[in-house]
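Please take a moment to look over the sequence and the structure shown below.

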Amino acid sequence: MKMKGKMIWQLLLGVVIAVVQGCDKSAPQPSKTPVISTPTPTPDQYFTTNYNIVSLGFTTDFEPAKKLGMVENSSLNEISGIASGKGLPNTLWSEEDSGNENNLYLMKTTGEHLGTIRMTSITNRDWEDMSIAPGPVNSESYIYLAEIGDNKRVNADKYIFRFQEPTFVSTTFPFTIDLPVVDKITFSYPDGNKNAEAVMIDPATKDIYIVSKENQAVIYVARYPQDIAKSFVMTKLGVLPISDVTSADISVDGNEIVIKNYALILYWKKSGNESITQLLHKEPLRAPYQIEEKGEAICWAADGSGYYTTSELPSQPIYFYKRKN
C-alpha cells in the first residue's frame, strides 16, 4: 500500500510539473510562419520612376509625321496648347501663352482659320495647355484651359478654366463668340510654387492631372469633382525622369497617354484596367516625333486615329501621326 501511494504521488507530481512548464512563457514555443500584410496601393500613392528616356524602345503603333498644312491665322504667334474639337470634326482648338489676347482659336486640322472665342471674364496671365474631356454634364464635352505657367514661380494660385465646347449649330465661319461665364478651378501645389505647361484629363474619372516643367517632371492630380468655390491643394503623385515637359494628353478612350518636351514624346498604353496613376508607374515607349523648333503642343485626335503636334512659332506646320491599326 505504501509503494502504491508513493507511485500515485509521483504521477501526480509529474502532471503538476508538466502543467507548470506549459504555462511558462519562457519555455520553447512551436515555431509559427509569420503573416505578412501587404497594403493595397491607394489611387494617390506616391511613386518614383527611374529609367533613361534616351534608351527607351519605340512604339510601332503610329506612322511617322505627316504635314497636314500650315497655321493660317496670323494672330496665332505662340501656340502653347491644342485640343481636338468634338463639336466639329477635323478641327483643332488652340491657345497662346502670356502676353497674348484672351482668345481661343478654332482651325481646321489643315490650318485654315474657322473662328475665335473671346474670353471676356478672364485674362491670360499665362495659359499653357488645354484639353477637351467630359465634365459636370455627362452628355457634354468641356474645354479645360490651364493657366499654369509661372516662369518666375511667384504665383501660389493656379487656375483651370472649364466650359462647354460650342456645338456650332447654324454658325457662319469665321465666327467670333464672346464667352462671359466659365468655371474657375483654383488650386496650389503642396510643395511650393511651380511652373507647368501640361494638363491632361482622365475621361473615365474627370480627374485633372498637371505635369510640371522642371528637371524631373512632377505629376499632380485633382480628383473629380473639383471644388470651384474655394482654392484647394493638389495631390502630389510622383516623379518622371523627363525634363522641360511642354504638353500632355490622355486619349479619348482613356487608355493611352502622351507627354512631350522639345525633343521627344513619351507614350504609355494600358494593358488592362489600370488607373492613370498605375499606368504612369510603368516604363513608357518613345513615339514618333518630327522635332519642331519650340514645339510645345500635342493632343490626341478626337476619333482616336492618332495625335497632332505643332509649334508656338508663327505660321508653323500641323503634323499628324496616324495610328497604323
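Arg118 is partly exposed, because its relative accessible area is 40% and partly exposed covers the range between buried, under 20%, and exposed, over 50% (1.4 Å probe, protein chains only). The model is a predicted one, in which local features need pLDDT of at least 70 and side-chain atom pairs count only at pLDDT 80 or more, while totals for chains, interfaces and linings use all residues. Residues are numbered from 1 along each chain as its sequence is written, and side-chain values use heavy atoms, with hydrogens and water left out.

The side chain of Arg118 meets that of Asp178 in a salt bridge, at 2.6 Å from N to O, where a salt bridge is a side-chain nitrogen of Lys or Arg within 4 Å of a carboxyl oxygen of Asp or Glu. This pair links distant parts of the chain, since Arg118 belongs to strand β6 (residues 113-119) and Asp178 to strand β10 (residues 175-179), 60 residues apart; strands are DSSP runs of E with at least two residues, numbered from the N terminus. Asp178 is likewise partly exposed, at 42% relative accessibility.

A search of the whole structure finds 13 salt bridges. In one of them Lys213 pairs with Glu197, the closest N and O atoms being 3.0 Å apart, and this pair joins the loop between β13 and β14, where Lys213 lies, to strand β12, which holds Glu197, 16 residues apart. Both Lys213 and Glu197 are buried. Asp191, Lys194, Glu214 and Lys236 are linked in a network of salt bridges.

Turning to the sheet, five strands form an open sheet in the order β7-β8-β9-β11-β15, with mixed pairing, two strands being paired if DSSP finds at least two bridges between them. Strands β7 (129-134) and β15 (232-233) stand at the edges with a single partner strand each, so one side of each is left without a neighbour in the sheet. Within the sheet, β9 (residues 158-164) and β11 (residues 183-188) pair in the antiparallel sense over five bridges, and the bridge partner of Lys158 in β11 is Phe187.

Finally, Tyr321 is found in strand β23 (residues 317-322) and is buried, with a relative accessible area of 0%. Although Tyr321 and Phe62 are 259 residues apart along the chain, their C-alpha atoms are separated by 6.0 Å. Glu96, in strand β4 (residues 91-96), is buried yet has no salt bridge, and the nearest side chain of opposite charge, Lys294, is 11 Å away, with Lys and Arg counted as positive, Asp and Glu as negative, and His and the chain ends not counted.

Definitions and conventions: Helix = DSSP H or I, 4+ residues; strand = E, 2+ residues; numbered from the N terminus.
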